[in-house]
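User: I'm new to this structure and would like to learn how to read it. Could you walk me through it feature by feature?

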Amino acid sequence: DAELSRTTFEAVDVLALVEALVEARGKRGVNGDCKLTVTQDGPNPWPNPWPNPWPNPWQVPGDAARLERVLENLLDNAVSFSPPGGSITVALTRGEELVSITVTDEGPGIPPEAREKVFERFHSLRPDAEDFGQHSGLGLAIARTIALAHDGTLKVRERPRGKAGASLEMTLPAWREEEAE
């Protein structure tokens, strides 16, 4: 936590970060038989003749290594809870002031009463029969700490149209050109 407070943030292209991470995970074989898909939904094209205020709409101020750790934790969590052959989607959405990255799986989901508890240190919501040896209960707590240190949020979202699975969304402030000056 203390180290994060001393970090100088730079422009991080989260789309490039996500795509590189998904490719690297595939090469390392850590996704099991899950299929990972990356989608993006940016702002509408900026009307001419004015210049586009978002030369790179996927940039956020941050520490790339820390943001990668958040994404790695979210993907590890999604793979861990996904059924065999399950699909995991990493969806990037750009608004006027924010960039959101949502990781959605097809696992059992997170009950409403546990949606804040999963971010507590050493909390793990697992079936009784599952081996706890590989799960510390720290991944989502660490991920939220990093998101908050980036002036962002990390929360559990409802799955669209009542589908099964978990959906975790990290929202970060978008990079502003004046931050570069």
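User: Which residue just after H4 takes a positive phi?

Analyst: Aspartate 151 does, with a phi of about 60°. The labels H and E stand for DSSP runs, helices (H or I) of at least four residues and strands (E) of at least two, numbered from the N terminus. Please keep in mind that this is a predicted model, where local features need pLDDT of at least 70 and side-chain atom pairs count only at pLDDT 80 or more, while totals for chains, interfaces and linings use all residues. Residues are numbered from 1 along each chain as its sequence is written, and side-chain values use heavy atoms, with hydrogens and water left out.

User: Which residues of helix H4 are buried?

Analyst: Buried means under 20% relative accessible area, exposed means over 50%, and partly exposed is in between (1.4 Å probe, protein chains only). In H4, residues 139-149, the buried ones are Leu140, Ala141, Ala143, Arg144, Ile146 and Ala147. H4 also lies across E6 and E7, at about 130° to E6; such angles run from 0 to 180 degrees between N-to-C directions, with axes as lines fitted to C-alpha atoms, for helices over the stretch in contact.

User: What is the strand order in the open sheet?

Analyst: Here is the general idea: strands of a sheet pair through backbone hydrogen bonds, either parallel or antiparallel. Two strands count as paired if DSSP finds at least two bridges between them. In this model, five strands form an open sheet in the order E2-E4-E5-E7-E6, with mixed pairing. E2 and E6 (153-157) are the edge strands, each pairing on one side only. On average, neighbouring strands of this sheet are turned by 15° against each other, direction ignored.

User: How many bridges join E2 to E4, and how many join E4 to E5?

Analyst: E2 (residues 35-41) and E4 run parallel and are joined by seven bridges; here aspartate 41 has threonine 93 of E4 as its bridge partner. E4 and E5 run antiparallel, with six bridges, and arginine 94 stands opposite valine 99 in E5. These two strands form a hairpin with three residues between them.

User: What is serine 87 in contact with, beyond its neighbours within four places in sequence?

Analyst: Contact means heavy atoms within 4.5 Å. Serine 87 touches Lys35, Thr104, Asp105 and Glu106 in this sense.

User: At what angle do the axes of H2 and H3 cross?

Analyst: Two packed helices are described by the angle between their axes and the distance between the axes. The axes of H2 and H3 come within 10 Å and cross at roughly 50°. The two helices are therefore oblique to each other (under 35 degrees is roughly parallel, over 145 roughly antiparallel, 65 to 115 roughly perpendicular, and the rest oblique). Among the residues making the contact are Leu21 and Arg25 of H2 and Leu75 and Asp76 of H3.

User: How many salt bridges are found in the whole structure?

Analyst: A salt bridge is a side-chain nitrogen of Lys or Arg within 4 Å of a carboxyl oxygen of Asp or Glu. The search finds six. Aspartate 76 and arginine 25 meet in one, at 2.7 Å from N to O. This pair links distant parts of the chain, with aspartate 76 in helix H3 (residues 64-81) and arginine 25 in H2, 51 residues apart. Arginine 25 is buried, at 0% relative accessible area, while aspartate 76 is partly exposed at 36%. Arg25, Arg28, Glu72 and Asp76 are linked in a network of salt bridges.

User: Which residue forms a salt bridge with lysine 27?

Analyst: Glutamate 23 does, with the closest N and O atoms 3.1 Å apart. An α-helix has 3.6 residues a turn, so residues three or four places apart point the same way. Lysine 27 and glutamate 23 are four residues apart in H2 (residues 14-28), which means that about one helical turn separates them. Lysine 27 is exposed, at 68% relative accessible area, and glutamate 23 is partly exposed at 46%.
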